Amino acid sequence: MKLVVVGGDAAGMSAASQARKLKGPDELEIVAFERGHFTSYSACGIPYWIGGAVTDRDALIAREPAAFAKAGITVRLRHEVVAIDLDRREVVARDLDGGGERREGFDQLVYAAGAVPVTPPWARIDAEGVFGVQTLDDGTAIHAWLDREPRPRRAVVIGGGYIGVEMAEAMVRRGLDVTLLEKSPQPMSTMDPDMGERIHEAICGLGIEVRTGTHVEGLETADGRISAVVTPAGTVPADIVVLGLGVRPNTAMAEESGIPLGVTGGLRTDLQMRVTGAHGRIDGIWAAGDCVESVNRISGQPVHVPLGTHANKQGRVAGINIGGGYATFPGVIGTGVTKVCDLEVARTGLSSREAKAAGFDVVTASVESTSRAGYYPGASSMLIKLIAERRTGMLLGGQIVGREEAAKRIDALAIAVWNRMTVEEMTALDLSYAPPFSPVWDPVLIAARKATEQVHASR
């Protein structure tokens, strides 16, 4: 049997590795195609490498092609799959360096082509200095541009989501003057507005100029290089522009081959990561990673959540099933975490807006607390917000904004959301306590108590 993998990063190579663990080279031939120069790397680490917190680019690479070759997995770098022939069970791959094309037959196919940056028409210009941040190749290009003479002095980051905020901080750490443009009323709009205010303040505290409610109308160039970003309020000078406008599933080729897409534009799969169409599963076709449409376990709605955590899990599930085992991927709840300098930001589940849009009647509770016992040196403040269903008290979501040791408490909230716990049940959680780590009432428990009061008062 032969397995062909389209995409050599987290999802694709996790699938290949798991399939190989269950079936040896004499049972299963595995060939992976990757259009870039790297396999199995941490795209989430790119902003930290650019900003200097990570000094070696190769530290972001978890496993190189040579390691896969030792396991009997062939990786063809700089080969982009440009077509899939479902009838002939073949892919067509283009050699991006040497030229020419090759056809590769398959019995099983894992589509793990990832996502591509959202690029509005105004961003598609023939000029240097405009970058997306999706692949390690993108990061390498940005790093080279920042080191190029004349060195950029002014950066404009367009989009205030996770990547936008992280890249804005990276540019500050590289010594650039930075402007962050965001069309929403606040950066990180997946957080509730009251939490977003604190994030906004922290970004400004880094010396970044933040312009919210700002739409970009175009880009200006000079001598083949970016020179400014055009907005309704005027132009913003720029020597480098970073696009942080989000991503969309890279599924155009799949759709062209006759594979139907879900409502989010991602590939639909069953629990085992088999691709499904209008008439059920498509034989021998699997998908995983940022090109896939998942199900939100709370709302039950299809969602596109491009994260390395999901990509690795989905690839693992696909590989186990291809190898003859059994595994499932049950969905997502939208857990995420980042930081702005020393301010930690985390969320899980639904925001207040998302919960209402899904049809829930909600109550919210917010509490200020500290990361350690108040008398213990180094205690820092944090704000925790819980969103619960009014009638049942079921926890729907949680958000945290605070200093050191705040954000990872989101994992306790994620477990509660995942298991459909009520806020009242959470008040009795047996969480750890010692003064260096937590007050005697952990902030999670205090928030759960207040949310329980809100639920009872609203009945």
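Reply: Contact here means heavy atoms within 4.5 Å. In the protein chain, take the contacts with a sequence separation of 6 or more: residues 24 or more positions apart account for 64% of them. The model is predicted, so local features need pLDDT of at least 70 and side-chain atom pairs count only at pLDDT 80 or more, while totals for chains, interfaces and linings use all residues. Residues are numbered from 1 along each chain as its sequence is written, and side-chain values use heavy atoms, with hydrogens and water left out.

Helices (H or I, at least four residues) and strands (E, at least two) are DSSP runs, numbered from the N terminus. Is Thr39 buried or exposed? Thr39 counts as buried, because its relative accessibility is 1%. The cut-offs are under 20% relative accessible area for buried, over 50% for exposed, and partly exposed in between (1.4 Å probe, protein chains only).

What does Thr39 touch? Leave out residues up to four places away in sequence. Its partners are then Gly8, Ile61, Arg63, Glu64, Pro65, Phe68, Val75 and Leu77. The side chain of Thr39 reaches the backbone oxygen of Arg63 at 2.8 Å. That is a polar contact: N or O atoms within 3.5 Å; within protein, one must be able to donate a hydrogen and the other to accept it, and residues adjacent in sequence count only if both atoms are side-chain atoms.

Ser40 belongs to the loop between E2 and H2 as well. At 12% relative accessibility, Ser40 is counted as buried. Its backbone deserves a look: phi is near 45 degrees, a positive value in a residue other than glycine. Most residues other than glycine have a negative phi, and most peptide bonds are trans.

Asp223 is not a glycine, yet has a positive phi of about 55 degrees. Asp223 sits in the loop between strand E13 (218–222) and strand E14 (225–231). With a relative accessible area of 80%, Asp223 is exposed, whereas Ser40 is buried. The other feature is a peptide bond. From Glu149 to Pro150 the bond is cis, with omega near -5 degrees. Pro150 is found in the loop between helix H4 (136–146) and strand E10 (154–158).

Thr251 lies between strand E17 (247–249) and helix H7 (252–256). Its relative accessibility is 3%, so Thr251 counts as buried. A polar atom of the Thr251 side chain lies 2.7 Å from the backbone oxygen of Gly265. Gly265 is also one of its contacts beyond four places in sequence, along with Tyr111, Leu261, Gly266, Leu267 and Cys291. Thr251 and Val116 are 135 residues apart along the chain, and their C-alpha atoms are separated by 9.3 Å.

Ser294 is buried, at 7% relative accessibility. Its side chain joins that of Gln314 through a polar contact of 3.2 Å. Neighbours within four places aside, Ser294 touches Gln301, Pro302, Val303, Gln314, Phe329 and Val332.

Ile322 lies in helix H8 (residues 308–322). Ile322 is buried too, with a relative accessible area of 5%. Beyond four places in sequence, Ile322 is in contact with Met1, Leu3, Ala19, Lys23, Gln108, Val110 and Trp286. Ile322 and His200 are 122 residues apart in sequence, and 46 Å separates them, C-alpha to C-alpha.

Back out to the whole chain. The protein chain has 12 helices and 26 strands. Of its 459 residues, 53% count as buried. Along the principal axes, the C-alpha atoms fill a box of roughly 65 × 55 × 40 Å. The radius of gyration is 23 Å, which agrees with the value near 23 Å for a compact globule of 459 residues. That radius is taken over C-alpha atoms, and the globule rule is 2.2 Å times the number of residues to the power 0.38.
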